[in-house]
Amino acid sequence: MTRHLLSSADLSRQEVEAILTTAESMHDVQKRDVKKIPTLRGRTIINLFFEDSTRTRSSFEIAGKWMSADTINITGKGSSASKGESLRDTVRTIDAMGVDAFVIRHHASGACQQVAGWVDASVINAGDGTHEHPTQALLDAYTLRQRLGDLDGRHVVIVGDLTHSRVFRSNIITLRRLGARVTVVAPPTLMPSGIDSWSEADDFATSYDLDAVLAGAGTGGAGGGVDAVMMLRVQRERMSGGYFPTAREYTVCYGLTRERLASLVDANPDVVILHPGPMNRGLEITADAADAEQSVVLAQVSAGVAVRMAVLYHLLSGEDIAP
Ligand code: CP
């Protein structure tokens, strides 16, 4: 495995499977009364977050602490970045202290790639702008495998604000690495430009028609029923203009409503509903769907700790053995 995790494309299928297998062992640690293993004793991990986060930041901190690493949280607002210090000077300053890894969230796409060129420590991308969020894709794959087993040939539908979604960009790489077929659905205004050039492969399709896709009526990689639906957050903080007329209209056309959930479950009682969080309840997903038996939203959060422990283990421990 490479020294950094900057993009889901950095990981081969074999490496993704190795991380997910290690995450199963880490999940066992997570279930113990005493959640501590010595694997990263003496290692120092810096969580450097220039954008807000609840799930990613806390799960990386917990993951590091449970593996006995020293973890330190730095945010843009509380650091000298607020006095105008550049990202390069910030990371080189911290790197000079002798740390082992940076976990970075930044509003600029490509920021983590740049940091990797400036520091000696490992760099893990915890979400960079609208580019990628590779550990989210790993935890989503882990959660799906827990419910569905092998993902080969499984059909995953990803719905919502694709334009601003780093989760979607990482997921289409990781899910397809594992053999799943992916259909992405969005209004035309939230479909990334140029996406048609990605969709020639058999395992990838695009659509503007959510109901047709959920009915298994899609084309290309979208045929043959639906195993999982991943709803994406409408990222209003990244929108400068009007991408849809009203919130109500968005929900009617692209929301996972009670009616859509009912017809999905009717067709496939084992369908899996995912959302990376945070959710806009009532906009892209209704409370009925978010809290349904088929929803794995909290399982995704739980998997986030185990998967991030596994990523830290593979990047930093240098050991071949499971914990
Ligand atoms: N899914 C996700 O990245 O959530 P946070 O922004 O809370 O970390």
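These legends walk through several close-up views of a predicted model.

**View 1. The largest pocket and the residues around it.**
Welcome to the largest pocket, which holds about 390 Å³ of space. Its lining is made of 20 residues, and those nearest the pocket centre are Arg105, Arg166, Arg233, Gly277 and Pro278. By residue type, the lining of this pocket divides into eight charged, eight polar and four nonpolar residues. Two helices, H2 (55-66) and H6 (166-177), each contribute at least two residues to the lining of the largest pocket.

Look for glutamate 51 in the loop that runs between strand S1 (44-49) and helix H2. Is glutamate 51 buried or exposed? Its relative accessibility is 16%, so glutamate 51 counts as buried, the cut-off for buried being under 20%. Setting aside neighbours within four places in sequence, glutamate 51 is in contact with Arg105, His106, His107, Arg166 and Arg238. With arginine 166 there is also a polar contact: the two side chains are joined at 3.0 Å.

**View 2. A cis peptide bond at proline 278.**
Here the view turns to the step from glycine 277 to proline 278, where the peptide bond is cis and omega is near -10 degrees. Proline 278 sits in the loop between strand S9 (272-274) and helix H10 (287-290).

Glutamine 235 belongs to the loop between strand S8 (228-231) and helix H8 (247-254). Its relative accessible area is 8%, so glutamine 235 is buried. Which residues does glutamine 235 touch, not counting those up to four places away in sequence? They are Asp161, His164 and Ser165. The side chain of glutamine 235 reaches the backbone oxygen of histidine 164 at 2.9 Å. Threonine 163 is 72 residues from glutamine 235 along the chain, yet their C-alpha atoms are separated by 9.3 Å.

Cysteine 253, by contrast, is partly exposed, with a relative accessible area of 36%. How many disulfides are counted in this model? The count comes to zero.

**View 3. Serine 68 and its positive phi.**
To finish, find serine 68 in the loop between helix H2 and strand S2 (70-75). Phi of serine 68 is near 70 degrees, a positive value in a residue that is not glycine. With a relative accessible area of 18%, serine 68 is buried.

How values were computed:
Residues are numbered from 1 along each chain as its sequence is written. This is a predicted model: local features need pLDDT of at least 70, side-chain atom pairs count only at pLDDT 80 or more; totals for chains, interfaces and linings use all residues. Side-chain values use heavy atoms; hydrogens and water are left out. Helices (H or I, at least four residues) and strands (E, at least two) are DSSP runs, numbered from the N terminus. Buried means under 20% relative accessible area, exposed over 50%, partly exposed in between (1.4 Å probe, protein chains only). Contact means heavy atoms within 4.5 Å. A polar contact is a pair of N or O atoms within 3.5 Å; within protein, one must be able to donate a hydrogen and the other to accept it, and residues adjacent in sequence count only if both atoms are side-chain atoms. A disulfide is a pair of cysteine sulfur atoms within 2.5 Å. On a 1 Å grid over the protein atoms alone, a cavity is a set of points where a 1.4 Å probe fits but cannot get out, and a pocket is an open set with protein on both sides within 12 Å along at least five of seven lines; lining residues have an atom within 4 Å of a point. Grid points are joined across faces, edges and corners, and a volume is the space filled by probe spheres set on the points. Ala, Val, Leu, Ile, Met, Phe, Trp, Tyr, Cys and Pro count as nonpolar, Asp, Glu, Lys and Arg as charged, and the others, Gly among them, as polar.
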